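Hi,

Here is the structure I promised to pass on. Have a look at it first, and my notes follow just below.

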Amino acid sequence: MGKAIAIFNQKGGVGKTTTNINLAACLALKGKRVLVLDVDPQGNTTSGLGISKKDLANTSYDLLIDSEMRTRDTILPTSVKGLDIIPASVDLAGAEIELVQIQGREKRLQKALEEVRGDYDYIFIDCPPSLGLLTINALTAVDSVLIPIQCEFYALEGVSQLVSTVELVRKSLNPGLVIQGVILSMFDGRTNLSIQVVNEVKKFFGDKLYSTVIPRNVRLAEAPSYGLPITSYDPRSKGAKAYMAFADEFLSSEERHGR
Ligand SMILES: Nc1ncnc2c1ncn2[C@@H]1O[C@H](COP(=O)(O)OP(=O)(O)O)[C@@H](O)[C@H]1O
Ligand SMILES: [Mg+2]
């Protein structure tokens with residue numbers, strides 16, 4: 001059975017989507033079968049993997065709203081072998097409100113993922129930067145949460161709210177939910193600030209913090225406009241090397257925990 005992981009931080013712009021696309025691509029390159037599920041109405045994972053948001057037949061919106069929708073009918077291949085996607089459409093912005101009327105509204109994605117878990121080693125969900133029903137659906141559907149934190153002055157702001165959200169979902173909807181790990185992004189080794197942030201996050205999360213840090217690298221910011229993960233856009237860039245190293249650390253920590 002595949003493991004499902006939500007990439008979650010209710011702050012925007014911290015590197016969720018960049019981590020989702022590039023960790024998923026690196027794991028696929030290492031031979032894993034990977035699915036990414038985009039439930040952010042902005043659809044940046046969708047466009048970042050080269051899928052045009054216009055004229056999509058079926059999307060994550062349909063999985064959330066239409067109980068007849070088969071999960072396999074929403075899955076598309078990407079340009080990376082072994083990496084599939086369930087894309088997001090702009091309709092998702094309305095789903096938050098439409099879901100309020102629906103029975104079992106927190107468990108729609110959980111049900112949808114059960115249908116395809118056996119087909120993948122890892123399923124990553126890219127969450128929107130909010131704590132609404134889309135995020136609750138994601139946190140209810142997964143086994144664990146991967147938290148990207150940006151190396152900035154306010155890095156830890158909102159982190160206790162983030163952790164209490166995870167705890168709330170664990171208590172009420174998803175008893176098995178754990179924190180997979182914390183990955184620092186947009187690290188700039190030339191600044192004391194970045195180094196200070198690493199120390200603070202380490203103090204807060206202890207050994208949940210991965211030792212790989214993702215540097216600030218302009219190639220990572222350029223790649224999505226070509227619809228490519230960094231490993232296709234510029235495999236020799238610092239960004240590509242960092243995400244490859246992260247994928248290695250991610251997998252060895254999975255092995256240590258018996259997977
Ligand atoms: N390591 C990085 N180096 C440079 N730019 C980055 C890096 N990570 C993310 N970005 C850029 O920062 C912005 C926010 O990142 P994104 O992954 O979209 O965050 P989120 O999904 O949390 O909102 C995007 O424009 C992205 O291209
Ligand atoms: Mg995003």
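Thr74 is buried, at 1% relative accessible area (buried is under 20%, exposed over 50%, partly exposed in between, with a 1.4 Å probe and protein chains only). Thr74 sits in the loop that joins helix H3 (60-65) to strand S3 (76-77); helices (H or I, at least four residues) and strands (E, at least two) are DSSP runs numbered from the N terminus. A polar atom of the Thr74 side chain is 2.6 Å from the backbone oxygen of Thr71.

A word on conventions: this is a predicted model, where local features need pLDDT of at least 70 and side-chain atom pairs count only at pLDDT 80 or more, while totals for chains, interfaces and linings use all residues. Residues are numbered from 1 along each chain as its sequence is written, chains are lettered from A and ligands numbered from 1 in the order in which they are written, and side-chain values use heavy atoms, without hydrogens and water.

Now to the ligand. Ligand 1 is surrounded by 14 residues (a heavy atom within 4 Å), and the closest are Gly13, Thr17, Thr18, Pro215 and Asn217. Helix H1 (16-29), strand S8 (209-215) and helix H9 (218-222) are the elements giving two or more residues to this shell, and H1 gives the most, with 3 residues. Oxygen atoms of ligand 1 also lie 3.0 Å from a polar backbone atom of Val14, 3.0 Å from one of Gly15, and 2.9 Å from a side-chain N or O atom of Thr17.

Enjoy looking around!

Best wishes

Methods
A polar contact is a pair of N or O atoms within 3.5 Å; within protein, one must be able to donate a hydrogen and the other to accept it, and residues adjacent in sequence count only if both atoms are side-chain atoms.
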